[in-house]
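The following note concerns the pockets of the model under review. Please read the points alongside the coordinates.

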Amino acid sequence: MTSINNELQSEIEIGNSPRIRPRRLRRTPALRRMVQETKLSPDDFIYPLFIRHGKDIQQPIRSMPGQFQWSIDRVVGEVKTAYSLGIPAVVLFGIPEIKDACGTENYNPNGIIPNAIRAIKDAVPEMTVISDMCFCEYTDHGHCGIINQRGEEHYDAHLPEGYLLNDPTLELLAQASIVHAEAGADIIAPSGMMDGMVGAIRSGLDGAGFDSVIVMSYAVKYASGFYGPFREAAESPPQFGDRSEYQMDPANKREALKEVALDVAEGADMLMVKPALPYLDIVSAVRQTYDLPLAAYQVSGEYAMIHAAAANGWIDLQRCALETLTSIKRAGADMILSYFAKEAAQWITR
Ligand code: PBG
């Protein structure tokens with residue numbers, strides 16, 4: 001750094017036409033390849049999949065062109081394809097048949113995700129299977145855990161009705177994590193932003209003998225408008241209120257580092273920042289402060305807006321998708337959860 005500055009300084013003093021010409025390095029495609037600082041690889045990607053009950057289902061998600069809700073029999077083939085393209089991991093989201101107040105299907109050993117994990121592990125044992133650990137898909141109220149309700153077991157008169165109860169939710173998160181680990185999940189990824197979720201899941205897993213199962217924490221998850229299409233895809237919009245009482249304010253950065261510090265102390269093996277593109281400064285700050293593997297989630301709305309603009313002919317889909325993925329890696333992410341995973345793996349290896 002210093003030597004370039006000194007050189008620039010002497011150029012200015014001499015008043016020469018500049019001898020340093022960055023464009024020299026851009027002259028040919030081969031030169032550009034040689035000096036490229038950030039390279040995308042299929043290894044970087046984690047492919048999110050939505051799984052529902054039924055047979056022979058591959059149902060398009062309207063707001064996410066090219067993405068589907070899959071039945072278990074059909075998703076297995078998709079996972080095989082992804083693995084053959086070099087993608088090392090999938091993250092699974094379940095759409096249960098029945099939703100209830102406590103999200104029972106999330107910890108039912110025969111629930112949609114435990115069954116999907118077993119089928120995928122049977123067919124493609126090498127694929128890393130990540131289980132998104134949250135209750136919003138499974139509860140009838142659409143919130144990420146147990147809510148405060150008069151007359152219910154955990155009712156707390158000091159908290160308002162409808163408030164998401166932290167500690168009772170932790171118990172269920174630990175219980176469901178054990179069930180998913182038993183089914184074969186390699187990584188549990190808690191995404192509900194409950195205080196203490198990493199510690200609760202870690203001790204639950206360890207207590208049940210799953211000390212080799214990894215915890216990838218959605219450590220920094222913002223209350224974002226960019227989750228819009230996901231809520232259609234996973235059929236999980238909150239039935240009242242929003243998630244600002246547990247997800248983070250998009251305006252806050254110091255608080256993000258505090259969230260990460262807690263998760264690291266509680267034993268997280270991997271960290272995540274979500275969404276990605278509007279939060280690249282956060283990705284960069286977490287990368288600089290912690291040495292754990294770091295993931296960033298290019299969420300449904302980021303995917304949808306690139307598709308929508310491309311469908312209008314306003315931007316080029318492949319170019320802009322790859323540009324965003326590169327920027328996320330450049331900012332410091334080691335792994336990118338992206339709905340573009342499969343296509344991007346093809347684009348960059350062709
Ligand atoms: C579950 C969860 C959400 C997403 C991932 N896990 C939704 C939410 O918090 O509302 C969003 C992913 C996306 O938008 O692609 N808590």
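1. A pocket is here an open set of grid points with protein on both sides within 12 Å along at least five of seven lines, and lining residues have an atom within 4 Å of a point. The model is predicted, and the points below should be read accordingly.

2. The largest pocket holds about 500 Å³ of space. Its lining comprises 14 residues, and those closest to the pocket centre are Arg32, Val35, Gln36, Glu37 and Thr38.

3. Two or more residues of this lining come from each of the elements α2 (29-35) and α11 (317-331). Helix α11 is the greatest contributor, giving three residues to the largest pocket.

4. In domain terms, domain 1 (1-27) and domain 2 (37-349) each supply at least three residues to the lining of the largest pocket.

5. By residue class, the lining of the largest pocket consists of six nonpolar, three polar and five charged residues.

6. The second largest pocket contains about 280 Å³ of space. Around it are 16 lining residues, with Asn166, Met193, Asp195, Glu245 and Tyr246 nearest the centre.

7. Which helix provides the largest share of the lining of the second largest pocket? That share, four residues, is from α8 (residues 254-265).

8. The lining of the second largest pocket is made up of nine nonpolar, two polar and five charged residues.

How values were computed. Residues are numbered from 1 along each chain as its sequence is written. This is a predicted model: local features need pLDDT of at least 70, side-chain atom pairs count only at pLDDT 80 or more; totals for chains, interfaces and linings use all residues. Side-chain values use heavy atoms; hydrogens and water are left out. On a 1 Å grid over the protein atoms alone, a cavity is a set of points where a 1.4 Å probe fits but cannot get out, and a pocket is an open set with protein on both sides within 12 Å along at least five of seven lines; lining residues have an atom within 4 Å of a point. Grid points are joined across faces, edges and corners, and a volume is the space filled by probe spheres set on the points. Ala, Val, Leu, Ile, Met, Phe, Trp, Tyr, Cys and Pro count as nonpolar, Asp, Glu, Lys and Arg as charged, and the others, Gly among them, as polar. Domain bounds come from an automatic or database domain assignment.
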